[in-house]
Amino acid sequence: MLQELGAKHLLVTGCTTSICVESTIRDAMFRDYSCIVLDDCTAEPIGADLTRTNHEATLLVIERLFGWVSSSDAVVEALARQAQLV
């Protein structure tokens, strides 16, 4: 369906950052999509009580290897600026 719509970029949110979100990003990358993970729209219960959480570690892996990490505020601002240009 995404291919039929001509989508090339995905905004990704979800639960369990180190499993579901990262798996989605990897799969999307293998299908030639560019992904942006919204760090404040993802969550990770595993290791939440550790000094460095799985959430933070996974966001670093995604940023370094699979796509981009941003906040929802930054994406909303960017989309609003783009809409003003159209």
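Predicted model: local features only at pLDDT ≥ 70, side-chain atom pairs only at ≥ 80, totals over all residues.
## Basis of the model

Local features need pLDDT of at least 70, side-chain atom pairs count only at pLDDT 80 or more, and totals for chains, interfaces and linings use all residues. Numbering starts from 1 along each chain as its sequence is written, and side-chain values use heavy atoms, with hydrogens and water left out.

## The sheet

Three strands form an open sheet in the order β1-β2-β3, and their pairing is parallel. Strands (E, at least two residues) and helices (H or I, at least four) are DSSP runs, numbered from the N terminus. Pairing requires at least two DSSP bridges between two strands. The edges are β1 (9-15) and β3 (68-70), each pairing on one side only. On average, neighbouring strands are turned by 30 degrees against each other, direction ignored.

Strand β2 covers residues 34-43 and runs parallel to β3, with three bridges joining them. Across this pair, L38 stands opposite S70 in β3.

## Helices on the sheet

Helix α3 (residues 54-66) packs on the sheet and touches β2 and β3. Contact means heavy atoms within 4.5 Å. The direction of α3 makes about 170 degrees with that of β2. Such angles run from 0 to 180 degrees between N-to-C directions; the axes are lines fitted to C-alpha atoms, for helices over the stretch in contact.

Helix α4 (residues 72-85) lies across β1, β2 and β3. Its direction is at about 130 degrees to β2.

Which residues of α3 are buried? They are H55, T58, L59, I62 and F66. Seen down the helix axis, the buried residues of α3 fall within an arc of 105 degrees, so they line one face. The arc is taken from the directions from the helix axis to the C-beta atoms. Buried means under 20% relative accessible area, exposed over 50%, and partly exposed in between, with a 1.4 Å probe and protein chains only.

The buried residues of α3 pack against α2 (17-30), β2 and β3. The face turned away from the buried side carries R64 and L65, both exposed.

## Cysteines

The structure holds zero disulfides. A disulfide is a pair of cysteine sulfur atoms within 2.5 Å. For C35, the closest cysteine sulfur is in C20, 15 Å away, too far for a bond. C35 is buried, at 0% relative accessibility.

For C41, the closest cysteine sulfur is in C15, 11 Å away, again too far for a bond. C41 is partly exposed, at 33% relative accessibility.
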